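Me: I'd like to learn how to read a structure like this one, feature by feature. Can you walk me through it?

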Amino acid sequence: MWGRAGVVVATLAMGMLTAYAAAEVASDKLASPESFAGISDTATRSAAVFSELGKVLTSPRCVNCHPASDRPRQGDRARLHQPPVERGADGHGLPAMRCSSCHQNANFDPGRVPGHPEWHLAPREMAWEGKTVAEICAQIKDPARNGNRPVEALIDHIGKDTLVGWAWAPGFGRTPAPGTQAQAGALVKAWAESGAACPAN
């Protein structure tokens, strides 16, 4: 017989496997740009494509690093970061507690610590927490808030940047962003090429 300790361990293991399986299932739900081809009006199609991309941009994997305050969020429930840390002048933390103090070059799954060589928060101007997809769309198109970048720059940023790509490989216990990075990049490209229209809400 396993005994009580064995049952507890088995229960915990099953719970962890279930969470992992759920994350894997949730990761492949993103429509392709081609699926919007039936929308004849270009602006309406463009806005619909961005709404699909919004599933990624509003996921915890993105919003946690695009917080409304100077405190990042963490986990699927977007809890305030623990230990308490702050953005700092360059988005890499305060001098006494830099992001790289804990966040190394790769995920450290035994400690549930995510990692990447460039781990940091998005600029304050790119805060997405609490915003609608339409508000995020207007925000990333605004040169005054996006670093004076054309919308086309987002194709590589979302589709190829490795820090952004972490959202699809976030480590054990975190739900990946919907779809894949390549699919998200294709949506950004289709959106930009169709006039970069924003959804109404």
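**Reading the model**

Reply: Let's start at one residue: Ala 43 lies in helix H2. Helices here are DSSP runs of H or I with at least four residues, strands are runs of E with at least two, and both are numbered from the N terminus. This is a predicted model, where local features need pLDDT of at least 70 and side-chain atom pairs count only at pLDDT 80 or more, while totals for chains, interfaces and linings use all residues. Residues are numbered from 1 along each chain as its sequence is written, and side-chain values use heavy atoms, with hydrogens and water left out.

Me: Is Ala 43 buried or exposed, or partly exposed?

Reply: The general idea first: buried means under 20% relative accessible area, exposed means over 50%, and partly exposed is in between, using a 1.4 Å probe and protein chains only. Ala 43 has 41% relative accessibility, so it counts as partly exposed.

Me: What pLDDT does the protein average?

Reply: pLDDT is the predictor's confidence in each residue, on a scale from 0 to 100. The average for this protein is 89, and 86% of the residues score at least 70. Residues 5-27 have a pLDDT below 50, and this stretch has 15 contacts in the model beyond near neighbours in sequence. A contact means heavy atoms within 4.5 Å. Where pLDDT is low, the predicted coordinates should not be read in detail.

Me: Which pattern does the protein follow along the sequence?

Reply: It reads α-α-α-β-β-β-β-α-α-α-α, with seven helices and four strands. Of the 201 residues, 38% count as buried. Take the contacts between residues at least 6 apart in sequence: 57% of them join residues at least 24 apart.

Me: Back to H2. What should its 16 residues span?

Reply: The expected span of a helix is 1.5 Å times one less than its number of residues. For H2 that gives 22 Å, and the end C-alpha atoms are 22 Å apart, so the two agree. Its buried residues include Ser 46, Phe 50, Leu 53 and Leu 57. The buried residues of H2 pack against H3, H4, H5 and H7.

Me: And which residues of H4 are buried?

Reply: In H4, which covers residues 133-141, they are Val 133, Ala 134, Ile 136, Cys 137, Gln 139 and Ile 140. Their cover includes helix H2 (42-57), helix H5 (153-160) and helix H7 (181-193).

Me: How many aromatic pairs does a search of the whole structure find?

Reply: Two. Rings of Phe, Tyr and Trp (its six-membered ring) pair if their centres lie within 6.5 Å; planes under 30 degrees apart count as stacked, over 60 as edge-to-face, and the rest as tilted. Phe 50 and Trp 191 have ring centres 4.8 Å apart and planes at 50°, so this pair is tilted. The pair links distant parts of the chain, with Phe 50 in helix H2 and Trp 191 in helix H7, 141 residues apart. Both residues are buried. The other pair, Trp 119 with Trp 166, is edge-to-face, at 4.9 Å centre to centre and 85° between the planes. Trp 119 sits in the loop between E4 and H4, and Trp 166 in the loop between helix H6 (162-165) and H7. Trp 119 and Trp 166 are buried too.

Me: Which backbone oxygen lies 2.9 Å from the side chain of Ser 59?

Reply: That of Val 56, which lies at this distance from a polar atom of the Ser 59 side chain. Ser 59 is in the loop between H2 and helix H3 (60-63). It is buried, with a relative accessible area of 7%. Leaving out residues up to four places away in sequence, Ser 59 touches Ala 177 and Pro 178.

Me: What about backbone angles: which residues have a positive phi without being glycine?

Reply: Arg 112 is one of them, with phi near 55°. Arg 112 lies in the loop between strand E4 (97-98) and H4, and it counts as partly exposed because its relative accessibility is 44%. Asn 148 has a positive phi of about 60°. Asn 148 is in the loop between H4 and H5, and at 62% relative accessibility it counts as exposed.

Me: And where is the cis peptide bond?

Reply: It joins Gln 82 and Pro 83, with omega about 5°. Pro 83 is in the loop between strand E2 (79-80) and strand E3 (93-94).

How values were computed
A polar contact is a pair of N or O atoms within 3.5 Å; within protein, one must be able to donate a hydrogen and the other to accept it, and residues adjacent in sequence count only if both atoms are side-chain atoms.
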